Amino acid sequence: MSKGNGGGPRRGGGRNQKEMGRINGTPMGDGTLGLLVIFMVAAPMMTVGVPLDLPKTAAKAVAAEQEQPLTVSLQKDGTVSVMTTTVPQSELVERLKAISAERKSDKVYLRADGGIAYSQVVQVMGAMNAGGFSNIILVTDTGGPQMGGKSSGKPAARN
């Protein structure tokens with residue numbers, strides 16, 4: 001039987017035990033907060049494309065993809081951009097074919113400024129469709145009216 005230790009096994013031959021080391025969580029917390037700040041700054045920059053005044057709709061959001069979406073943007077002045085690069089309209093389909101050959105997804109996200117004519121959007125969509133791109137998703141902004149007069153608060157894209 002052991003003496004004075006509550007009947008448990010003795011360690012260290014009766015010498016005083018040193019306190020066990022503790023993990024210092026401060027560096028881990030500092031690193032986590034640093035990463036949080038980095039992501040908060042970088043997240044708004046992850047939006048692909050040029051700044052546009054997108055029309056507001058009540059459409060539901062499209063599921064996120066693993067790779068960066070292939071985006072075509074139509075600006076108010078008629079400029080066409082693929083991702084962030086301005087492209088002449090005559091070269092749009094060829095540029096899309098070159099980029100999509102290296103991609104898994106066949107989706108093309110079409111972003112159009114709310115101030116341009118509907119006919120311009122349809123002409124670009126028609127050219128893309130004639131070039132073999134049939135999975136075109138129209139990107140819109142949130143908060144537009146619904147048929148019942150309600151407003152939606154979710155990100156929107158229309159397929």
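Leu36 lies in helix H1, which spans residues 26–42; helices (H or I, at least four residues) and strands (E, at least two) are DSSP runs numbered from the N terminus. The model is predicted, so local features need pLDDT of at least 70 and side-chain atom pairs pLDDT 80 or more, while totals for chains, interfaces and linings use all residues. Residues are numbered from 1 along each chain as its sequence is written, and side-chain values use heavy atoms, without hydrogens and water.

Leu36 has a relative accessible area of 44% and is therefore partly exposed (buried means under 20%, exposed over 50%, partly exposed in between; 1.4 Å probe, protein chains only). Together with Leu33 and Met40, Leu36 forms a nonpolar surface patch with about 320 Å² of accessible area (Shrake-Rupley method, 1.4 Å probe, only the protein chains shown counting as cover). Patch residues have over 30% relative accessible area and no salt bridge; nonpolar side chains (Val, Leu, Ile, Met, Phe, Trp, Tyr) are joined within 5 Å, and like charges within 9 Å.

Side chains of opposite charge can pair when their charged atoms come close. A salt bridge requires a side-chain nitrogen of Lys or Arg within 4 Å of a carboxyl oxygen of Asp or Glu, and the count by this rule is one. The salt bridge joins Arg95 and Glu91, whose closest N and O atoms are 3.9 Å apart. Arg95 is partly exposed at 31% relative accessible area, and Glu91 is partly exposed at 38%.

Asn135 is found in the loop between helix H3 (118–130) and strand S5 (136–140). Because its relative accessibility is 19%, Asn135 counts as buried.
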